[in-house]
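Thanks for passing this one along. Here are my notes as numbered points, to be read with the structure open beside you.

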Amino acid sequence: MDRRKFVAGTVAGAGALTFPACGGSTSNTATSSAPARPPPEFRQFQTWDGGSGPNRAFWSRKLLLPWVNSGRGDWLDAKQAPQGSVPYAAGKVSLGPLKLDVTSLVNRWVRSGLNRGFYLRSGENWAFTFAGRTHGVVSARPQLLVVSRSGTTVIECSCNAMWSPSTYKSNDSRATFMVAKDNQFAALQFDISMLTEPVQSATLSLTCLSFKYFGTLEVFELNPPEFRNGAGALTKRSGLANKFPFDRGLSAHPSVVFAGDFSDISRKRWQTGGVAPITSQVKDPNTGSTYLRGLIPRGETAGCTLERTIVGGTSAGVPVKTETELYGRYYVFLEDDWGSEVDANKMPGWDGRFGWWNSAGHWENTTGNGGSRPTGLKVRNAKANRWEYEGASMRGHGGTRSNDGNPYDDLFWIGSYMYHLDQEGPYGESIRWPGIVVGKGRWYCIEQYIKMNSIAGPFDETGNGVAIKDGEYRVWVDGVQAYERTNFRWRRHPEMGIQGFWLNWYHGGMVPAPRNMHFRMDAVVIARAYVGPRNERL
């Protein structure tokens, strides 16, 4: 990384880079000229046949939404029994057209408004190959023929995805797809949103292109997982912020350690870190706050490393205190150019790396990011004559684009990138907050609670003990709990705890961003009690 590409403070990170002090000269303050465009609405249950759809583990590889039953996937039978054996329709397969009566299932979708799609399976060991929705022979493509009181509607297939329990690969099955017992399964979807009245008949038309022997094809209802965009329709939990409209005066609350926007990005407010060039501070007339319009530049990896340090060090190089339990809340907005098909990205979260306390007055980490796994120990560096703390980081994590036409390409899975004592390899553990996605063009409130693990004896001469698996991490997105885990281990020494809240935006990995990617941040709060979403009513 070119250290000239950042401004503000000092970063205690990989390579311990030092950036010039921030004077505000490379950061512009502006007023938002127009409100953000409303975010698009996304329908549930859509998958894709272009390569980022289902595989043996996931219903949607794009959003990393897992099957309940890995391998074959999930379905409902005609009695609405999960993984049941009674098909909605069945037909004998030979070369050429195959007609299947799916009236009862389509009527069910029209009545409920929940169109999950068709799940196809076969009892035969050999594969049936069917024409897909982009097959060269138009008449061979899958169709749904629907007859109602208003007439006949021919609906083209929007997706014919295929997967195999034998591989994690997601197939591009747009032209052809296969179905075979225990080895190939297919999901077919049709947009029936134009159907508003009871269906008299519905016929699924397929064309078999090749097979080894005759056999039977069965039709069930797909039963894919659902996701939540932010809070979805769930009730938000309010907290400390509810009594302070637009967070005004919140910083004076006795439970609040820090509260502020980005009207000041100097070292005075953010003790360490920097921001990429062309970063702006924008006054939002809707909230009265100033948000950071950040950037991960094309060809670079880092976009922001600002950190609010909670625990500093003494002249002896040990923490001045130990913080073991805190809540951290911030707001995030992903702009239209956000998203990389190359790699995922790091996002804000907690920092417990520590390392050693330098003469400039900040921590220089030695472990806990960049592939250096933590030990949780306090150790003496005899050569440098100093104490070092081999701690961990607990950042956020965001998903990738697919760029293959997936209908969910503007949505991203979100989670944690967690360094801890029990991670499998040198790099942090990627943890998905289950069923939670974020999109572009709207603000999300993300709050992360951490409680450090306890430590038991025996203790060595330095004071390192045994790390107990009782460290806690909880997350709320838009005021609705999104994640909980209560068995983390981060530390072995009681002087270690929470170092600070790390507003880290980083592409990858080591591979640089393929394009400019803009994000916004606002309304950071660190507190000893749950903060909750901002009260935006005066």
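1. A polar contact here is a pair of N or O atoms within 3.5 Å; within protein, one must be able to donate a hydrogen and the other to accept it, and residues adjacent in sequence count only if both atoms are side-chain atoms. By that rule, the His397 side chain makes a polar contact with the side chain of Ser430, at 3.1 Å.

2. A word on the ground rules. This is a predicted model, in which local features need pLDDT of at least 70 and side-chain atom pairs count only at pLDDT 80 or more, while totals for chains, interfaces and linings use all residues. Residues are numbered from 1 along each chain as its sequence is written, and side-chain values use heavy atoms, with hydrogens and water left out.

3. Now the overall picture. The protein chain has one helix and 33 strands; these are DSSP runs numbered from the N terminus, helices being H or I with at least four residues and strands E with at least two. The C-alpha trace spans about 80 × 55 × 40 Å along its principal axes. For 538 residues a compact globule would have a radius of gyration near 24 Å, and the 27 Å of the protein chain agrees with that. That radius is taken over C-alpha atoms, and the globule rule is 2.2 Å times the number of residues to the power 0.38.

4. How much of the chain is buried? Of the 538 residues, 57% count as buried, where buried means under 20% relative accessible area, exposed over 50%, and partly exposed in between (1.4 Å probe, protein chains only).

5. His397 counts as buried because its relative accessible area is 8%. Beyond residues up to four places away in sequence, His397 touches a set that includes Asn345, Met347, Trp413, Tyr417 and Ser430.

6. Two strands pair if DSSP finds at least two bridges between them. Strand 25 (residues 411–418) pairs with strand 26 in the antiparallel sense over seven bridges, and Trp413 stands opposite Val437 of strand 26. Strand 26 (residues 429–439) is also joined to strand 15 (residues 228–229) by two bridges, this time running parallel, with Arg228 opposite Ile436.

7. Strand 10 is another one to follow. Strand 9 (residues 143–148) and strand 10 (residues 151–163) run antiparallel and are joined by six bridges; they form a hairpin with two residues between them. Leu145 has Val154 as its bridge partner in strand 10. Six bridges also join strand 10 to strand 12 (residues 185–190), again antiparallel, and here Cys157 stands opposite Phe190.

8. Gln189 is buried at 8% relative accessible area, and its side chain reaches the backbone nitrogen of Thr47 at 3.1 Å. Contacts of Gln189 outside its sequence neighbours within four places include Phe45, Trp59, Arg116, Cys157 and Cys159.

9. What does the helix pack against? The buried residues of helix 1 (residues 103–112) are Thr103, Leu105, Val106, Asn107 and Trp109. They pack against strand 6 (96–101), strand 7 (118–122), strand 9, strand 13 (199–210) and strand 14 (215–222). Gly113 follows the helix with a positive phi near 75°.

10. Finally, please check Phe262, in the loop between strand 16 (256–260) and strand 17 (280–283). Is Phe262 buried or exposed? Phe262 is buried, with a relative accessible area of 0%. Setting aside neighbours within four places in sequence, Phe262 is in contact with residues including Trp270, Tyr291, Leu306, Leu503 and Met521. By contrast, Arg149, 113 residues from Phe262 in sequence, is 60 Å from Phe262 in space, C-alpha to C-alpha.

Note on methods. Contact means heavy atoms within 4.5 Å.
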